[in-house]
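Here are some exercises for getting to know a new structure, each with a worked solution. Have a go at each task before reading on.

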Amino acid sequence: MTAYGAAISGVGSYAPPGVLTNEDLEKLVDTTDAWIVQRTGMKRRHIIGPDGATSDLALPAAQAALSAAGKTAADIDCIICATATPDYLFPAMACIVGFRLGVAGKPAFDISIACSGFVYAVTTAASLVRSGVYRSVLVIGAETLSKITDYTDRGTCVLFGDGAGAVVVERSEEDCFLGSELGADGTDPTVLYLPGGGSRMPFNTNGKFAAERLGYIHMQGQSVFKFAVNQMVASVRTALSKAGLTTADVDFVVPHQANLRIIDAMVKTLGLPPDKCIINIAEYGNTSAASIPIALAEAVAAGSIRKGHIVVMVAFGGGLSWGAMVWRWKDAKVGAPARQTVAGALA
Ligand code: UT7
């Protein structure tokens, strides 16, 4: 089989301007800014308006990544979207993004594996490029979790936000994809899930949908917390070992931004210096499949992640699922991140 190298050649991100602060949440549920900061590290989340959909966020993130890679959508061979909150259950959001980028007709599909989606999607893209099937793949992680967040449940509503990030993965002489580890365990899907809207509890379920709040995220927070710390550590170690590297070789870890305490525990257990971990959870909360590419884009824009660096991206989420991947950073730039803020997002 012909084998090619793959590299990330452009990064972009986008967050909607509406902002939901901890003080806003204090008015909605029985919580406090102090509790949220201490237990999660979150201060604000960006929230899309009632008329917005996830592809509205995916599009500017994709355009930023394309321009950073010096490409137009016409140069791309395939589009993959990682999302748990697509515009519709079907068709795939990637089809809509392809049309909105002006390249209807190109192959486009979604990967649905909750917060682990971006790591799965980039690993898939790298595999398609390295095997020679495609030369360049656009990967987008985009979510509007505000659409499935129950703003009467203090146990979940403080956690989630909206946003999008994207990368271009393309053929490269130097192979910068050094290793990856993916996994999933569906023993108990209800640990973290959206009960309604699938075939087990269809939208049309008589009368139950609103009464049992089936259209909102349900989560057993502490079970997810314990799983997350152990699995992120194990995933990073396995991906590094597949790459023939150790934690001493790592320049930056970009973790899924679910809880600052989870990230801190992972960093401590791995024995990494804290300044090697990219954290932006205070600004965005948990944006699921979008959290890693948003943090990656910001770290590249800040000049932290630079050419030659060894970068590990690691996620966990519903499934339960997990994934980590190791990249050598080529010289990918970041497209202008379009970020504005407007108060009172849920007003
Ligand atoms: O992408 C993956 C998505 N999910 C996750 O990563 C979630 C992982 N889990 C977590 O991040 C944490 O478990 C939470 C942040 C969800 C909760 O933090 P915790 O430290 O595990 O709190 P807890 O569930 O043990 O609750 C402690 C107390 C409880 O009160 P009592 O029973 O001790 O009186 C809760 O009712 O905190 C209470 N509580 C709150 N208090 C104020 C729960 N949520 C809130 C809140 N404000 N928002």
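**Exercise 1.** Which residue in S7 does Ile140 stand opposite?

*Solution.* A quick note before we start: this is a predicted model.
- Begin with the two strands. S6 covers residues 136–144 and S7 covers residues 162–172.
- They run antiparallel, with nine bridges joining them.
- Now look across from Ile140, and you'll find Ala166 in S7.

**Exercise 2.** Work out the strand order of the open sheet with six strands, and find which strands stand at the edges.

*Solution.* 
- Walk across the sheet and you get S5-S4-S6-S7-S1-S14, with mixed pairing.
- The edges are S5 (108–111) and S14 (333–334). Each has a single partner strand, so one side of each is left without a neighbour in the sheet.

**Exercise 3.** Find how H3 and H5 lie relative to the strands of this sheet.

*Solution.* 
- Take H3 to begin with: this helix lies across S1 (5–14), S6, S7 and S14, and runs at about 130° to S1.
- Next comes H5, residues 117–130, which packs on the sheet and touches S1, S4 (78–82), S5, S6 and S7.
- The direction of H5 makes about 20° with that of S7.

**Exercise 4.** Describe how H3 and H4 cross, and say which residues meet there.

*Solution.* 
- Two packed helices are described by the angle between their axes and the distance between the axes.
- Here, the axes of H3 (residues 54–68) and H4 (residues 93–100) come within 10 Å and cross at roughly 50°.
- That makes H3 and H4 oblique to each other, and their crossing is right-handed.
- On the H3 side you'll see Thr54, Ser55, Asp56, Ala58 and Leu59; they meet Met93, Ile96, Val97 and Arg100 in H4.
- Sort the residues of this contact by class and you get five nonpolar, two polar and two charged.

**Exercise 5.** Work through the open sheet of four strands: what is its order, and how do its strands pair?

*Solution.* 
- The order is S8-S13-S12-S11, and the pairing is mixed.
- S8 (177–184) and S11 (252–255) stand at the edges, each with a single partner strand, so one side of each has no neighbour in the sheet.
- Ignoring direction, neighbouring strands here are turned by 10° against each other on average.
- S8 and S13 (residues 321–328) run antiparallel and are joined by seven bridges; Phe177 stands opposite Trp327 in S13.
- S12 and S13 are also antiparallel, paired over eight bridges. Phe316 has Trp322 in S13 as its bridge partner.
- These two strands, S12 and S13, form a hairpin with three residues between them, and Gly319 in the turn has a positive phi of about 145°.
- S11 and S12, on the other hand, run parallel with four bridges, and Pro255 stands opposite Val314 in S12.

**Exercise 6.** Is each face of S12 covered or uncovered?

*Solution.* 
- In a regular strand the side chains alternate between the two faces of the sheet.
- On one side of S12 sit Ile310, Val312, Val314 and Phe316, and on the other Val311, Met313, Ala315 and Gly317.
- All of these are buried, and both faces are covered.

**Exercise 7.** Is Gln38 buried or exposed?

*Solution.* 
- Find Gln38 in H2, residues 33–40.
- The cut-off for exposed is over 50% relative accessible area.
- Gln38 is at 55% relative accessibility, so this residue counts as exposed.

Notes. Residues numbered from 1 in each chain as written. Predicted model: local features only at pLDDT ≥ 70, side-chain atom pairs only at ≥ 80, totals over all residues. Heavy atoms only, no water. Axes fitted to C-alpha atoms, helices over the stretch in contact; angles between N-to-C directions. Parallel < 35°, antiparallel > 145°, perpendicular 65-115°, else oblique. Left-handed = near helix turned anticlockwise from the far one by under 90°. Contact = heavy atoms within 4.5 Å. Nonpolar A, V, L, I, M, F, W, Y, C, P; charged D, E, K, R; others polar. Pairing = 2+ DSSP bridges. Buried < 20%, exposed > 50% of the residue type's maximum accessible area, 1.4 Å probe, protein only.
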